[in-house]
Amino acid sequence: MIRHLKQQDSGLEISDRDILCVEIAGLCHDLGHAPFSHAFQEIINEYRKENGGKKWEHEDVSCEMLEHLFEMNQHFEGELKSGEIGFIKDLITGKPEKPDRKKFFYQIVNNADYNIDVDKWDYLARDSHFLGIGTSFDHERMMKMSKVIGGEICYRDKTLKNFYDMFYSRYRLHNTAYQHKTVLLLNKLLGDVLKSAHKKLKIFDRVKDMEEFTYFTDSILEEILNSEGNQDLKDALKDIINRSFKYKGTVTDKIKGTFTGTVTGIFELGDTEGNILYPIEGTGDDVAVLKKMKVTINDKTLDTPESKMQRDITEEQNAEIYAKILYTSESEMQGNIQGRINGTISETSGIKKKIEGKINVKILSTSESKMQSNIEGTIKGKILGTPESKMQSNIEGTIKGTIQTIINSRDQGSDPDIVKTTDVICTAHFDYGAKENNPLLKIPFYTRNERKYTYDNHEELENMLFLPEKFEMKTSHCFEITK
């Protein structure tokens, strides 16, 4: 990549020493990976989060290991000039504190600006090849179409579909391999084993010393099996080795009984035939819209779509406000809202008022879970100065009920089962590439005449690329541990 950029523009002043440093960074950027790679990184960060530790990044450890290697191999002293080791470390992290080179250098190995780099090309091509699923993107073509413009690496606009194929390949790898249900289970069980074993073997401390980290390998599993005592831990590790588990199916949360949680939402009133402060006689109740209600139940969040409401209001300066929720497109709700408007009513469009009161709502169902619950809380907001005098308000309150997790069994015709406390639930989650999180929007492209631009709000991107249903997944799987 660095040689190609130099060939494209000799004015970039890329020296042979620069090329050497980039090549070393490419070779050494993953020295900091511990055994089990990214799985271990997630496990140790879970442990540190639970115990108040600093987040662990393998790129930082790669830099520490690089320094350690030079210290242990003194015969290399003098091979790199002053400051070059620091330059290599900055290339590995992609986030130089005091960059002494042009920006494009730091976009080659680990591109923190828009996530297109040789590391991504390397693992996508390699993993796809060895998994036998192939790739549809051509990283060689993407590299040949790259050029430094305005100090950063840009890509010819006609490579857009190549990048689309690249991100789809990444999604497919997550869907079929990285977040395969069995992989998720084994990673979870492995995490439980390592966390338990750390109490005696101090496993997570081995990443602090580079000499000890050098010998930290997959053999840690044999060390656990050969350690004295803690038979339960050994049995748990044998469950992984012997694959002592049974897949029961995906799971769905159902609500039944009693539970506790919170609810927040926003009302926007004003989708009416006239000013909501002055209902037209004989037209019936005004109609308003509940834009969104977010319900959080035991750390699970459910978003309801738009709802229709009926409401009455008088024209008095201190007036009561009443509303009744009728329905939503996917959720059914019933409820009454009571409150008071405090302020001066104006016949102009500049009406601003505060509303304070109580809300009582009963939720019958949501799109994700079946539930019955009561909501009690407060409603606070103000009337905005539109011709229809729209009102916005916030809802805060508590709800009560019970979540019941149901297994969607793969066995046809079998009755739904309830998740047992001994079962293990793993969730696959991937949303990289949806329109609201579209990585293509950040990539700088260039035209034939070298005009530089990005695809923010670009019509072609909107019409052609990244349908959310292709790039989003969230599925919970249930396993039973067998003996």
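User: Is Arg17 buried, exposed or partly exposed, and what is its relative accessible area?

Analyst: Buried means under 20% relative accessible area and exposed over 50%, with partly exposed in between (1.4 Å probe, protein chains only). Arg17 is partly exposed, at a relative accessible area of 26%. Please note that this is a predicted model, in which local features need pLDDT of at least 70, side-chain atom pairs count only at pLDDT 80 or more, and totals for chains, interfaces and linings use all residues. Residues are numbered from 1 along each chain as its sequence is written, and side-chain values use heavy atoms, with hydrogens and water left out.

User: With which residue does Arg17 form a salt bridge?

Analyst: Side chains of opposite charge can pair when their charged atoms come close. A salt bridge is a side-chain nitrogen of Lys or Arg within 4 Å of a carboxyl oxygen of Asp or Glu. Arg17 forms one with Glu84, and the closest N and O atoms are 2.9 Å apart. Arg17 lies in helix 2 (residues 16-28) and Glu84 in helix 5 (residues 84-93), so the pair ties together parts that are 67 residues apart in sequence. Helices here are DSSP runs of H or I with at least four residues, and strands are runs of E with at least two, numbered from the N terminus. Glu84 counts as buried, at 5% relative accessibility.

User: How many salt bridges are found in the whole structure?

Analyst: A search finds 19. Among them is the pair of Lys248 and Asp423, whose closest N and O atoms are 2.9 Å apart. Lys248 lies in strand 3 (residues 245-255), and Asp423 in the loop between strand 14 (417-418) and strand 15 (424-430), so this pair ties together parts that are 175 residues apart in sequence. Both Lys248 and Asp423 are buried.

User: Which residues are linked in a network of salt bridges?

Analyst: Such a network links Lys103, Asp113, Glu152 and Lys452.

User: At what angle do the axes of helix 6 and helix 8 cross?

Analyst: Axes are lines fitted to C-alpha atoms, for helices over the stretch in contact, and angles run from 0 to 180 degrees between N-to-C directions. The axes of helix 6 (residues 118-131) and helix 8 (residues 160-178) cross at roughly 50° and come within 11 Å. Angles under 35 degrees count as roughly parallel, over 145 as roughly antiparallel, 65 to 115 as roughly perpendicular and the rest as oblique. Helix 6 and helix 8 are therefore oblique to each other.
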